Amino acid sequence: MKKQPKAIPGDLAMWFIIFAELLVFGIFFITYAVVRINNVDMFNHYQLTLNRETGAINTILLITASYFVVRSIHAVKLNKSKISSNYLYISITCGLLFILIKSIEFYDKFSIGIDLSTNTFYMFYFLLTLFHYFHVILGLMILVAVAVKTRKGHYNTDQYHGIETAGAYWHMVDLAWIIMFPLIYVIR
């Protein structure tokens with residue numbers, strides 16, 4: 001018996017969106033790196049004004065959220081819709097905590113007069129992190145929609161395409177941050 005090739009998880013259209021988004025993030029990252037090379041002292045100086053601890057906490061939150069998205073997909077494949085939705089709600093909570101922490105970080109910068117026009121480092125900091133921030137919000141909206149459908153039993157052993165699609169998008173959001181955190185907060 002011939003083995004069927006494994007299909008990609010989720011919707012093909014979402015994968016096109018993910019690749020397009022990763023291309024945009026990649027262009028941002030490369031541009032940041034090139035500009036940073038020409039302004040090393042300024043970037044190093046202002047990088048120290050960022051809170052690495054909150055950046056690290058946010059990294060842990062997004063990785064944890066991705067872990068529970070994976071657990072959710074696995075649970076739904078076992079026909080455990082309630083457990084699957086509970087895992088999604090844990091992921092959503094992690095994402096909301098990310099948004100809260102990042103919002104506080106933005107507020108702290110804006111309240112002391114730091115914004116996009118402060119200097120080149122902060123221009124990139126805000127462009128990259130705000131772009132990612134809005135992707136997290138979109139990812140959370142997708143996860144909420146999928147969690148509600150999962151709780152209602154819409155997904156099961158035979159029908160889990162939608163939850164895989166949501167998971168693929170969420171993992172893209174997570175991947176972008178995993179690259180962004182060391183790039184902006186750590187690498188000197």
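Are Phe 68 and Tyr 87 buried or exposed? The tour below comes to that pair at its last stop.

Before selecting anything, note that this is a predicted model, in which local features need pLDDT of at least 70, side-chain atom pairs count only at pLDDT 80 or more, and totals for chains, interfaces and linings use all residues. Residues are numbered from 1 along each chain as its sequence is written, and side-chain values use heavy atoms, with hydrogens and water left out.

Select His 135 to begin, and you will find yourself in helix 5 (residues 120–151), where helices are DSSP runs of H or I with at least four residues, numbered from the N terminus. His 135 has a relative accessible area of 7% and is buried, a term that means under 20% relative accessible area with a 1.4 Å probe, protein chains only. Beyond neighbours within four places in sequence, His 135 is in contact with Glu 21, Phe 25, Tyr 169, Met 172 and Val 173, contact meaning heavy atoms within 4.5 Å.

Select Tyr 32 and Phe 43, an edge-to-face pair at 5.4 Å centre to centre and 65° between the planes. Tyr 32 is buried at 1% relative accessibility, and Phe 43 is buried at 0%.

Finally, select Phe 68 and Tyr 87, whose ring centres are 5.6 Å apart with planes at 35°, so the pair is tilted. Both Phe 68 and Tyr 87 are buried.

Key
Helix = DSSP H or I, 4+ residues; strand = E, 2+ residues; numbered from the N terminus. Buried < 20%, exposed > 50% of the residue type's maximum accessible area, 1.4 Å probe, protein only. Phe/Tyr/Trp six-rings, centres within 6.5 Å; stacked < 30°, edge-to-face > 60°.
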